Amino acid sequence: MPFPRALRLFLRSRFIRIPIVAPLVCTLALATAVGSATAATSWTNGQAATLVLGADNFTTAGGGASASRFGGPTDICADAATGKVFVVAHNQNRLLRFSATAATKNGGVAEAVFGQPNFTSSKYNNGGLSAKSLSRPMTCAMDAAGRLFVTDNGNQRVLRYDNAA
């Protein structure tokens, strides 16, 4: 299911960056976007998560390299126009792209991988240093034109992927 229309319109006009370590900030931003003060004020300490990516469910740990598992996530960003979600898997030298639908299901399966030739590879600079390889990526961001920016920490560079979503 795609993001609600009001949320898509709100996000489309902004530089999208959803930090993993700040769920309250995300809750407040989403509440503002859809005009709901209830969502922002209903947060409680110790509140349970409502979705898990990278693991099958809330009681199993993630890890491993596949389309639905990853290790060492360090950042997440989303494309406002499509609702696609990108997860940086630092320990596996890659990014995974999840469709808007897969990103709303526990244990969702990625539809694309950046930095590796397939979903099960995780070697740094796989195939040699190139425009297709990554080494310890750290962060990602999408701009309004749908370009994905990735900090490729191990190679001391920033990569831009046009039409990434």
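**A loop and its surroundings**

Mentor: Asn-93 is found in the loop between E2 and E3; helices (H or I, at least four residues) and strands (E, at least two) are DSSP runs, numbered from the N terminus. The model is predicted, with pLDDT of at least 70 required for local features and 80 or more for side-chain atom pairs, while totals for chains, interfaces and linings use all residues. Residues are numbered from 1 along each chain as its sequence is written, and side-chain values use heavy atoms, leaving out hydrogens and water.

Phi of Asn-93 is near 55°, a positive value in a residue other than glycine. Asn-93 is buried, at 6% relative accessible area; buried means under 20%, exposed over 50% and partly exposed in between, with a 1.4 Å probe and protein chains only.

E2 and E3 belong to an open, antiparallel sheet of four strands in the order E1-E2-E3-E4. Strand E1 (73–78) and strand E4 (112–114) are at the edges with a single partner strand each, so one side of each has no neighbour in the sheet. From one strand to the next the twist averages 20°, where axes are lines fitted to C-alpha atoms (for helices over the stretch in contact) and angles run from 0 to 180 degrees between N-to-C directions.

Asn-125, which is not a glycine either, has a phi of about 45°, and lies in the loop between E4 and strand E5 (137–142). Its relative accessibility of 14% makes Asn-125 buried. Apart from neighbours within four places in sequence, Asn-125 is in contact with Ser-133, Leu-134, Ser-135 and Asn-155; contact means heavy atoms within 4.5 Å.

Strand E5 leads on to another sheet. Three strands form it, open and antiparallel, in the order E5-E6-E7. E5 and strand E7 (157–161) are its edges, each with a single partner strand, so one side of each is left without a neighbour in the sheet. The twist here averages 20° from one strand to the next. Strand E6 (residues 148–152) pairs with E7 in the antiparallel sense over five bridges, and Thr-151 has Val-158 in E7 as its bridge partner.

Cys-77 lies in strand E1 and Cys-140 in strand E5, so the pair ties together parts that are 63 residues apart in sequence. The torsion about the S-S bond of Cys-77 and Cys-140 is about -130°, so the disulfide is left-handed. Both Cys-77 and Cys-140 are buried. A search of the whole structure finds one disulfide.

How values were computed: Two strands pair if DSSP finds at least two bridges between them. A disulfide is a pair of cysteine sulfur atoms within 2.5 Å.
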